[in-house]
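Please look over the model below before reading on. The numbered points cover confidence, helix packing and a few backbone details.

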Amino acid sequence: MKDMTKKRIAVIGVGNLLLGDEGVGIHAVQYLSGLDLGDEVDIIDAAVPGPSIIYMLEGRELSIIIDCADFGGRPGEIILADSKRLALGEFKGFSLHGISLDGVLALAKELQIDVGHVLILGVQPDRIEVGIGLSESVADAIPRVVDLVKSEVTKALGKAV
Amino acid sequence: MGHLDLDINIHHVTRVEGHGNIALNVKNGKIEKCEWSVVEAPRFFEAMVVGRTWKELHHITSRICGICSIGHTLASLRATENAMGIKVNEQDVRLRKLALHGENLQSHSLHLGYLVLPDLMGVGSVIPLASTHPEELKAAIRIHRLANEMSDLVCGRTTHPQSIIPGGFAKIPSKEELMGLKERLIASSDDVNTVANLFHKLRDKLPSFERETEFIALTGEDEYAMYSGLLGSTDTESIPEERYLEFTNEHIVPQSTAKYTKHVRESYMVGALARVNKNYEKLSPRAKQIAELFGLKPVCHNPFMNNIAQLVEIVHSIDDSIRLIDELLSDSYRYYKPEVKVRAGRGVGAVEVPRGILFHDYTYDENGVCVAANCIIPTNQNHANIQKDMEALAPRILDKSKAEIELTLEMLVRAYDPCISCSTHFLKVDFVE
């Protein structure tokens with residue numbers, strides 16, 4: 001069931017801003033926050049939320065998660081995939097800190113928490129190392145990330161943003 | 001009869017940066033190697049903050065850890081405020097304490113519900129509990145959800161607080177919002193009891209292992225210290241937070257790129273058990289009842305009881321939050337604009353976060369630019385204690401099956417709720433064929 005108190009769509013950036021390209025999701029939502037995507041879209045800087053991301057997704061019609069992702073592409077290359085297509089990981093580990101997004105989505109599915117339609121917008125990193133800022137190839141990907149987000153939001157709302 | 005030969009190597013290789021491994025090798029019935037090894041990225045904290053201004057540091061350092069971001073923010077702010085002599089009024093200190101309780105509740109409910117329960121139930125992950133114990137799991141999730149709402153309300157968002165700034169707050173919750181939060185905290189009693197009852201049924205699954213060690217935690221005269229206090233030890237006299245280096249004594253060991261710490265013994269422990277051991281009398285009456293139910297009395301030297309200490313702290317954090325809200329609402333609650341006069345100086349901020357005592361230490365120049373910094377996280381302080389526990393525990397469990405030995409050693413590490421790889425998490429994409 002959709003939560004009427006929440007906006008229909010969430011665009012969620014995840015990642016660690018202190019580790020170069022790992023923070024691409026945060027850089028992207030910081031850029032998106034300066035744009036007007038209308039009243040029905042939440043732009044969320046989720047950082048490294050762990051299982052808390054479930055509550056950000058819950059009750060939405062559509063969530064777009066922007067994250068640094070290793071899919072064997074070229075640095076800066078983007079994939080847009082339905083989360084249902086991802087092989088979900090296991091929700092286990094020594095600590096809460098080792099649990100990644102795929103594990104959290106697996107848990108939400110098992111608990112029958114309605115997280116709505118989740119799209120993963122992944123950007124292939126170039127450098128993951130200590131430091132604030134993106135490598136050139138990943139920084140160049142931000143406008144394409146923004147265009148993709150706007151295109152998906154437009155599709156979902158049935159009107160241009 | 002124990003194993004004559006045994007070769008256990010548990011690799012928990014996280015995505016990129018850090019990992020913790022357990023190695024136990026037995027030959028001809030003799031332990032040849034028993035090692036908890038941690039490989040973390042070289043310490044980067046100083047490089048991250050030196051050259052940045054006092055307005056930026058708490059925002060940057062809150063990003064170190066997604067689970068403990070409120071604690072990092074508060075340790076950072078307290079270091080800055082101590083360095084510049086910035087005073088925070090009593091109301092805003094209460095709000096900050098509320099934020100810390102929110103983080104403690106978030107972290108403990110997740111750890112106990114999602115990582116410890118599967119161990120005690122003998123299942124590989126939390127997933128099977130969704131069908132075998134749905135009510136208990138949902139209760140743990142509701143506590144976690146409430147804790148998230150609490151953090152959102154006080155800090156501006158669930159992780160990486162925006163509202164808390166040097167000298168106080170940029171924005172505070174309304175009276176009505178605080179009253180609503182109080183009602184939800186009171187209503188969480190049933191969920192807490194549900195989770196506590198399940199743990200009570202499973203209490204015999206916690207190994208009865210003990211090894212004497214030192215426990216270090218903040219301590220105070222008036223309350224169960226989380227936000228500030230003296231550095232307390234179960235072995236020695238308390239000292240002020242700015243003398244923390246006398247307690248931590250960081251040193252390098254061969255099996256780890258993370259530094260180890262020690263005080264008067266070879267190792268010490270920080271975290272919920274250390275806090276309960278040091279400050280038991282300051283727990284809320286209801287939290288003490290839970291401790292008594294599980295036979296947790298100070299000084300408890302069983303590291304597996306850290307899980308129960310977390311359960312006790314869940315109750316304490318709820319009760320103390322209700323008390324804090326009552327105090328906030330009984331005074332003339334209003335917004336105070338922080339006043340900051342930038343000056344050169346050095347300051348230390350010690351704050352209790354879910355995994356134990358966290359230190360931030362900054363030196364600023366006269367323009368408020370950071371020129372030196374240090375940070376010691378709780379997990380680094382626990383590494384040596386995990387190693388010593390493992391050395392003491394392994395010989396006592398050699399008569400168990402290999403699978404049981406592996407599980408027991410993993411449970412030991414998990415009991416410390418370590419922060420091994422919080423700094424990176426990125427997605428490895430594999431498509432379903």
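Residues are numbered from 1 along each chain as its sequence is written, chains are lettered from A and ligands numbered from 1 in the order in which they are written, and side-chain values use heavy atoms, with hydrogens and water left out.

1. Overall confidence. The predictor gives the complex an ipTM of 0.84 and a pTM of 0.91. pLDDT is the predictor's confidence in each residue, from 0 to 100. Chain B has a mean pLDDT of 90, with 92% of its residues at 70 or more. For chain A the mean is 86, and 88% of its residues reach 70 or more.

2. Where pLDDT is low, the predicted coordinates should not be read in detail. In chain B, residues 12-18 have pLDDT below 50, and this stretch has 26 contacts beyond near neighbours in sequence. Contact means heavy atoms within 4.5 Å. Residues 422-426 of chain B also stay under 50, with 28 contacts beyond four places in sequence. Chain A has such a stretch at residues 90-96: pLDDT is below 50 there, and the model has 36 contacts for it beyond near neighbours in sequence.

3. Elements of chain A. Helices (H or I, at least four residues) and strands (E, at least two) are DSSP runs, numbered from the N terminus. Which element of chain A has the lowest mean pLDDT? Helix α3 (residues 101-110) of chain A does, at 76. Helix α4 (residues 136-139) of chain A has the highest, at 97.

4. α8 against α12 in chain B. Axes are lines fitted to C-alpha atoms, for helices over the stretch in contact, and angles run from 0 to 180 degrees between N-to-C directions. Helix α8 (residues 189-201) of chain B and helix α12 (residues 306-330) of chain B cross at roughly 165 degrees, and their axes come within 11 Å. α8(B) and α12(B) are therefore roughly antiparallel. From α8(B), the contact uses Val192(B), Val195(B), Ala196(B) and Phe199(B); from α12(B), it uses Ile308(B), Leu311(B), Ile314(B), Val315(B) and Ile318(B). The tally is nine nonpolar, no polar and no charged. Here Ala, Val, Leu, Ile, Met, Phe, Trp, Tyr, Cys and Pro count as nonpolar, Asp, Glu, Lys and Arg as charged, and the others, Gly among them, as polar.

5. α4 against α14 in chain B. Helix α4 (residues 90-121) of chain B packs on helix α14 (residues 402-415) of chain B at about 160 degrees, with the axes 11 Å apart. That angle makes α4(B) and α14(B) roughly antiparallel. His111(B), Leu115(B), Asp119(B) and Leu120(B) of α4(B) meet Leu407(B), Met411(B), Arg414(B) and Ala415(B) of α14(B). Five of these residues are nonpolar, one is polar and two are charged.

6. α3 against α4 in chain B. What angle do helix α3 (residues 69-84) of chain B and α4(B) make? About 150 degrees, with their axes 8 Å apart. α3(B) and α4(B) are therefore roughly antiparallel. Residues of α3(B) in the contact include Leu74(B), Leu77(B) and Glu81(B), and those of α4(B) include Arg96(B) and Leu100(B). The contact divides into five nonpolar, two polar and three charged residues.

7. Backbone details. Most residues other than glycine have a negative phi, and most peptide bonds are trans. Ala47(A) has a positive phi, near 55 degrees, and is found in strand β2 (residues 41-47) of chain A. Pro298(B) and Val299(B) are joined by a cis peptide bond, with omega about -5 degrees. Val299(B) lies in the loop between α11 (285-293) and α12 of chain B.

Definitions and conventions
This is a predicted model: local features need pLDDT of at least 70, side-chain atom pairs count only at pLDDT 80 or more; totals for chains, interfaces and linings use all residues. Angles under 35 degrees count as roughly parallel, over 145 as roughly antiparallel, 65 to 115 as roughly perpendicular and the rest as oblique.
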